[in-house]
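Q: I'm new to reading protein models. Can you walk me through a few features, one at a time?

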Amino acid sequence: EALVLQRVIYAKRKKMLGVSHEGTILTGNNLSSSLTLCGHFGEARTFAREQLALATESLGPTHQSTIFASVRLCGSLVEDPAATHDDLNEAVSLAEDALQKRRRILGPAHPSTRFSERVLKRAREKLQSKES
């Protein structure tokens with residue numbers, strides 16, 4: 001039910017604000033996260049890629065919503081039980097990039113930086129287990 005509501009909210013924001021508005025992108029990032037949590041990994045991955053491209057183009061590569069979009073894409077890759085070795089390599093790369101940006105912009109003690117550290121750790125663990 002929550003996923004249905006998030007889809008409706010995203011559609012309304014997109015219609016009212018446009019697809020590249022920061023508010024729409026933030027709502028899209030939240031929808032991407034919910035898709036992953038609900039196990040819709042393929043849809044989450046595709047949608048997260050679209051959101052990352054939109055955020056990068058509209059807001060720039062170092063905007064927090066863009067970094068959040070890359071973390072959401074990473075999550076959709078890492079949590080997918082069918083993720084390939086290439087998927088997990090991509091996830092690690094996305095997480096490393098997000099962490100580097102957040103450390104530089106927000107500092108090492110910021111909660112978002114700490115979150116990115118945990119995301120990177122999880123991505124590396126999944127990759128390592130795939131390699132074993």
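A: Start with what a helix is here: a DSSP run of H or I with at least four residues, numbered from the N terminus. Keep in mind that this is a predicted model. With that idea, aspartate 86 sits in helix 5, residues 85–106.

Q: Is aspartate 86 buried or exposed?

A: The general idea is a cut-off: exposed means over 50% relative accessible area. Aspartate 86 has 59% relative accessibility, so it counts as exposed.

Q: How many residues of helix 2 are buried?

A: Buried means under 20% relative accessible area. Twelve of the 16 residues in helix 2 pass that test, so the helix is mostly covered. Among them are Ile25, Leu31 and Leu35. The cover includes helix 1 (2–17), helix 3 and helix 4 (64–78).

Q: How do helix 2 and helix 3 run relative to each other?

A: Look at the angle between their axes: over 145 degrees counts as roughly antiparallel. The axes of helix 2 (residues 22–37) and helix 3 (residues 41–59) cross at roughly 160° and come within 9 Å. The two helices are therefore roughly antiparallel, and their crossing is left-handed. Residues making the contact include Ile25, Gly28 and Leu31 of helix 2, along with Phe47, Ala48 and Leu54 of helix 3. Sorted by class, the contact has ten nonpolar, seven polar and two charged residues.

Q: What follows helix 2?

A: Glycine 39 does, and its phi is positive, near 85°.

Terms used:
Residues numbered from 1 in each chain as written. Predicted model: local features only at pLDDT ≥ 70, side-chain atom pairs only at ≥ 80, totals over all residues. Heavy atoms only, no water. Axes fitted to C-alpha atoms, helices over the stretch in contact; angles between N-to-C directions. Parallel < 35°, antiparallel > 145°, perpendicular 65-115°, else oblique. Left-handed = near helix turned anticlockwise from the far one by under 90°. Contact = heavy atoms within 4.5 Å. Nonpolar A, V, L, I, M, F, W, Y, C, P; charged D, E, K, R; others polar. Buried < 20%, exposed > 50% of the residue type's maximum accessible area, 1.4 Å probe, protein only.
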